[in-house]
Amino acid sequence: MAVLNEEQEMLRDMARDWAKNESPVAEFRKVRASGEPQAYNADAYATMAQMGWAGVIIPEEHGGSDFGFLSAGLVIEELGKTLTASPLIATTIAASAIILGGSDEQKAKWLPKLASGEAVATLAVDESARHDPSSIETSVSGGKMTGKKAFVHEAHGADLFVVAAKDGLYLVENGDGVSLTTRKLTDQRNHADIAFDGAAAEKLDGGGDSLLEDVLDRARVLTAAEMLGMAQAVFDTTLDYLKQRVQFSQVLATFQALQHRMADLFADLAQMRSAVEGGLQAIDSGFGVAQAATVAKAEANRVLHLISNQGIQLHGGIGMTDEYDVGFYLKRARVLESSWGSSSYLRDRFARLSKY
């Protein structure tokens with residue numbers, strides 16, 4: 001487990017208390033019931049921004065706290081525990097792209113808005129059902145973008161898109177030349193396909209040739225942090241259920257076979273935490289980011305898939321009923337497992353990185 005300083009402990013505790021008291025899973029149920037494509041509570045996100053969470057990685061001169069990715073991950077993990085629906089991760093990823101590759105003018109224009117919650121942004125990379133940044137067809141000519149993006153997280157309500165084109169990353173404001181089509185996925189969150197038809201595009205010229213992969217690595221680690229929070233919540237919920245449920249006149253937690261299963265999951269969860277925190281710390285240190293990010297997301301995929309499955313099984317048939325929250329975690333898990341690289345994609349990427 002990462003060693004936190006006093007400020008980071010305070011930030012984590014504040015996020016934990018807020019998520020538990022102000023944004024429990026019951027709030028996600030309300031968002032789901034509303035049926036709005038945006039699929040998050042705008043007032044709740046405004047509160048997050050007021051608490052400084054949208055600006056954790058943004059430099060102080062642009063309205064943020066420059067508190068680093070480990071600190072951002074602490075907040076995201078706590079929100080993941082309660083399935084809090086918000087554009088916080090998407091906006092943080094987009095902000096990282098501007099920090100890495102933006103000009104002084106681009107940073108001055110967008111970073112203060114993102115830090116304050118005035119604007120929402122998201123990253124648009126993939127053009128098919130599979131994550132493959134090497135097969136991008138979107139192009140820009142004369143400052144106008146043409147192309148399509150699929151399964152874009154938090155697209156509804158976004159003011160700015162960071163879009164991957166053939167020759168780099170571009171900033172595209174939501175407006176003329178941009179059209180969205182809602183995608184209904186199993187997690188019932190905010191997803192859309194986007195068509196760009198002559199939309200004004202402004203290139204991020206900094207960051208070098210590795211800019212896209214650098215941003216994707218940050219997306220992988222931040223997503224893994226949400227998955228860590230979800231895995232911890234499923235484990236805790238399942239353990240509590242086993243301690244209460246009685247079968248054959250015995251509490252389920254007294255059965256040795258189930259004790260062994262929970263012990264194995266506890267060890268997997270500890271390994272996942274180590275990988276995710278290692279990825280966050282690698283970004284902050286700037287050392288070994290690609291490998292650490294790949295391992296973090298791959299391990300998050302593996303462990304959350306396992307824990308979400310076991311959570312359903314150990315709850316029995318009622319686990320998938322709407323009355324119980326545990327099924328929501330499985331549905332969200334399946335979407336996140338495919339985001340920014342499936343397990344097979346990430347294993348292949350780690351093998352390629354290890355050649356050098």
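The predicted model holds 25 salt bridges. Among them is the contact between the side chains of Asp 325 and Arg 29, at 2.9 Å from N to O. Asp 325 lies in the loop between α9 (289-315) and α10 (326-338), and Arg 29 lies in helix α2 (residues 25-34), so this pair ties together parts that are 296 residues apart in sequence. Both partners are partly exposed: Asp 325 has a relative accessibility of 29%, and Arg 29 has 21%.

A salt bridge also links Asp 322 with Arg 32, with the closest N and O atoms 2.7 Å apart. Asp 322 belongs to the loop between α9 and α10 and Arg 32 to helix α2, so the pair joins parts 290 residues apart in sequence. Asp 322 is partly exposed at 40%. Arg 32 is partly exposed at 24%.

Another salt bridge pairs Arg 349 with Glu 213, at 3.2 Å from N to O. Arg 349 sits in helix α11 (residues 343-353) and Glu 213 in helix α7 (residues 211-244), so parts 136 residues apart in sequence are tied together. Through shared partners, salt bridges join Arg 29, Arg 32, Asp 322 and Asp 325 into one network.

Buried positions include Leu 88, Ile 93, Ile 98 and Gly 101.

Note on methods. Residues numbered from 1 in each chain as written. Predicted model: local features only at pLDDT ≥ 70, side-chain atom pairs only at ≥ 80, totals over all residues. Heavy atoms only, no water. Buried < 20%, exposed > 50% of the residue type's maximum accessible area, 1.4 Å probe, protein only. Helix = DSSP H or I, 4+ residues; strand = E, 2+ residues; numbered from the N terminus. Salt bridge = Lys/Arg side-chain N within 4 Å of Asp/Glu carboxyl O.
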